[in-house]
Amino acid sequence: SGLLLRSYSIMSAVNLGFEPDHVTTGYYSLPRAEYSNQAQVNAFNADLVQRLERLPGAEAAGLATAIPASDMAGLNGFVPEGYSASEGGPPPTAAAIPVVGDYFRAMGIALLQGRYFTDTDDAQGAPVAIVNHELAAQYWPGQNPVGKRLRLGAAGMKTPWLTVVGEIADAKKSSPDRSAGAQFYFPLLQEENDSGA
């Protein structure tokens, strides 16, 4: 039992990169028959966030396709501007997570440089992203990632460039004893897929 308590003490002292206290999370899936395009999904999400923000005691509300410590964020290929992979090395991958509303403040994920997303980061705005520290350190070591660009997919694909507007702390995406891994976030309002979510 001493070993178990010692292990628990060590794990509970790990910096998770987010604040789980006083955070309520939930999951929902929209029926495709009623929400058949991205505009309908975006309208539902915006209304939900506004309702959550009006709840008594609520400080911030946001949505994401994967939350920290859930191990739900898969890896996506991406191209970081100016980075050259070693010959024969694996292509860059990261968890690419769309978000809505004041997600980072709601989860207590610290902003290290730049800014969080704002209401102007919508379909009419220039495509933007926020990266975590691990991604920035791996692909742009010793540099300020704000102003750098990346895009989803493999090299040669014609996906749009996203300009990095902020760098956040590393939020663990799975077990506390694992690395957070490279992560970047983008506003769901800028999602090109209009088949629903």
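Mentor: The account below takes up the ring pairs, then the charged pairs, and ends with one stretch of loop.

The model is predicted, so local features require a pLDDT of at least 70 and side-chain atom pairs count only at pLDDT 80 or more, while totals for chains, interfaces and linings use all residues. Residues are numbered from 1 along each chain as its sequence is written, and side-chain values use heavy atoms, with hydrogens and water left out.

Across the whole structure, a search finds 10 aromatic pairs (rings of Phe, Tyr or Trp, the last by its six-membered ring, with centres within 6.5 Å; planes under 30 degrees apart are stacked, over 60 edge-to-face, the rest tilted). Phe78 and Tyr139 make one of them: their ring centres lie 5.2 Å apart and their planes stand at 85°, so this pair is edge-to-face. Because Phe78 belongs to strand S2 and Tyr139 to helix H4 (residues 133–139), the pair ties together parts that are 61 residues apart in sequence (helices, H or I with at least four residues, and strands, E with at least two, are DSSP runs numbered from the N terminus). Phe78 is buried, its relative accessible area being 2%, and Tyr139 likewise counts as buried, at 7% (buried is under 20% relative accessible area, exposed over 50%, partly exposed in between, with a 1.4 Å probe and protein chains only).

Tyr139 also forms an edge-to-face aromatic pair with Tyr83, with 4.8 Å from centre to centre and 85° between the planes. Here helix H4, which holds Tyr139, is linked to the loop between S2 and S3, where Tyr83 is found, across 56 residues. Tyr83 is partly exposed, at 33% relative accessibility.

The side chains of Glu81 and Arg149 meet in a salt bridge at 3.0 Å, N to O (a side-chain nitrogen of Lys or Arg within 4 Å of a carboxyl oxygen of Asp or Glu). Both ends are partly exposed: Arg149 has 29% relative accessibility, and Glu81 has a relative accessible area of 29%.

The whole structure contains 4 salt bridges by this search. Another of them joins the side chains of Asp121 and Arg115, with 2.8 Å from N to O. Asp121 is buried, with a relative accessible area of 5%, whereas Arg115 is partly exposed at 30%. Ring pairs, for their part, join Tyr103, Phe104, Tyr116, Phe117 and Tyr185 into a cluster.

A further salt bridge brings together the side chains of Asp102 and Arg105, at 3.0 Å from N to O. Asp102 is partly exposed, with 22% relative accessible area. Setting aside neighbours within four places in sequence, Ala60 is in contact with Asp102, Arg105 and Ala106 (heavy atoms within 4.5 Å). Although Ala60 and Arg105 are 45 residues apart along the chain, 6.2 Å separates their C-alpha atoms. Ala60 itself counts as partly exposed, with 25% relative accessibility.
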